[in-house]
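Subject: Structure handover

Hello,

Here is the structure I promised to pass on. Please open it first, then read my notes below.

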Amino acid sequence: MTRKPVLMEHETKLVEENAYKRNRSSQIGKILTYIPPDPHGDTIVVTIVDEDIKEHQSYWSNSLIGYVAGENPYFKSMENYVDNVWDFVNKSKILCHVDGYYIFRFDSMDDRDRVIQLGPYTFHYKSFILMNWSIDFVFDLECLNVIPLWVRFPNLTVGYWSTEVLSKLASVVGKPMYTDLYTIEMDRISFARVLVEADSSHPLPSDIELHTPVGIIHQSVEYD
C-alpha cells in the first residue's frame, strides 16, 4: 500500500497560504453591490427587510442546532456519531462553530423532524441538546438552559387530544414543538406525548388545572 507523503513544515505553510489566498479570490466570492445605509442623526442604521433574508431562511430551515453539555467534541467524532446514530435519514451537512455548537442541515424538513422526534440523545454519556435553527439564534449561557423535553400527559382522555388542547397544555411547560407518532395516530392511549422547548433553569410544572366544558380536571405532567 502506498503511503501518503508527509509534507515538510515549509510545504505545509505554503499549502495553507495558497488556500488562504484562494478563499479570498475575487473570482470565487459572491459579488456585492453598494447599498447606502439609512441616516438617523448620528447613528448609522442598516435596515434588513424580509426579502433580504428570505432565501437564506429557506436554505437553513431544514437545520438543527446541536451542542453537547459540558463537552466540545471534535468534528470527526461528531461526524462518526451522526453516521452511526442518525442512519435512518440521509446524512446531514455538518458545520462546526468555534463557540462549541454544531449546525446540521438536512435534505428535508421530514428528516430534520424525524431526528428530533426520535430523541433525546446522549454523546459520550452527556446530554446532546438539539433545537430547530432560527435566524435569531445566539449561542450563550442563557440558551444552554433551553432544552427539548418530551412531556407526557398521563390518563388524558383522548377527547382532549386535539391540536389546540395539546398546544395549550404544552405551552404551560414551554414552547410546543411536536407530538410523537403514537399520539398523532392514537395507537397508544395511556398518555399523550409532546416535545417542548423548556427553560431548565425554571421549575417545571407537575400538575395543570384544566377548566373544561364539563368541569375542572387536574392533569399531571411527567417528563422523559
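**Strand β3 and its partners**

Gly 66 has Leu 130 as its bridge partner in β7. That bridge belongs to an antiparallel pairing of β3 with strand β7 (residues 126-132), which spans five bridges. Strands here are DSSP runs of E with at least two residues, helices are runs of H or I with at least four residues, and both are numbered from the N terminus. Two strands count as paired if DSSP finds at least two bridges between them.

Gly 66 also has a bridge partner in β5, namely Tyr 102. Strand β5 (residues 102-105) runs antiparallel to β3, and four bridges join the two.

How many of the six residues of strand β3 are buried? Six of the six are, so β3 (residues 63-68) is largely enclosed by the rest of the structure. Ser 63, Ile 65 and Tyr 67 are buried on one side. Leu 64, Gly 66 and Val 68 are buried on the other, so to speak covering both faces. Buried means under 20% relative accessible area, exposed means over 50%, and partly exposed lies in between (1.4 Å probe, protein chains only).

**What you are looking at**

This is a predicted model: local features need pLDDT of at least 70, side-chain atom pairs count only at pLDDT 80 or more, and totals for chains, interfaces and linings use all residues. Residues are numbered from 1 along each chain as its sequence is written, and side-chain values use heavy atoms, with hydrogens and water left out.

The protein chain has six helices and 13 strands. It has 224 residues, of which 31% count as buried. Its accessible surface comes to about 15800 Å² (Shrake-Rupley method, 1.4 Å probe; for residues, only the protein chains shown count as cover). Carbon and sulfur atoms hold 55% of that surface.

**The four-stranded sheet**

An open sheet of four strands runs in the order β9-β10-β8-β13, with antiparallel pairing. The edge strands are β9 (175-179) and β13 (222-223), each pairing on one side only. Two bridges join β13 to strand β8 (residues 146-154). In one of these strands, β13, Tyr 223 is the bridge partner of Val 151.

Helix α5 (residues 163-173) packs on this sheet and touches β8, β9, β10 and β13. Its direction makes about 40° with that of β10 (axes are lines fitted to C-alpha atoms, for helices over the stretch in contact; angles run from 0 to 180 degrees between N-to-C directions).

Which residues of α5 are buried? They are Leu 166, Leu 169, Ala 170 and Val 173. Seen down the axis of α5, the buried residues fall within an arc of 95°, so they line one face of the helix (the arc is that of the directions from the helix axis to the C-beta atoms). An α-helix has 3.6 residues a turn, so residues three or four places apart point the same way. Glu 164 and Lys 168 are exposed on the other side of α5. The buried residues of α5 pack against β8, β9, α6 (181-185), β10, β11 (207-212) and β13.

Helix α4 (residues 109-117) lies across β8, β9 and β10 (191-199). It runs at about 100° to β9.

**Salt bridges**

A salt bridge is a side-chain nitrogen of Lys or Arg within 4 Å of a carboxyl oxygen of Asp or Glu. The count comes to ten.

One of them joins Asp 113 and Arg 112, at 2.8 Å from N to O. Asp 113 counts as buried at 15% relative accessibility, and Arg 112 does at 9%.

Glu 222 forms another with Arg 152, with the closest N and O atoms 3.1 Å apart. This pair links distant parts of the chain: Glu 222 is in strand β13, Arg 152 is in strand β8, and they are 70 residues apart. Glu 222 is partly exposed, at 34% relative accessible area. Arg 152 counts as buried, at 18%.

Arg 193 forms a salt bridge with Asp 180, the closest N and O atoms being 3.7 Å apart. Arg 193 sits in strand β10 and Asp 180 in the loop between β9 and α6, 13 residues away. Both residues are buried. Salt bridges that share partners join Arg 152, Asp 180, Arg 193, Glu 222 and Asp 224 into one network.

Best wishes

Conventions
Contact = heavy atoms within 4.5 Å.
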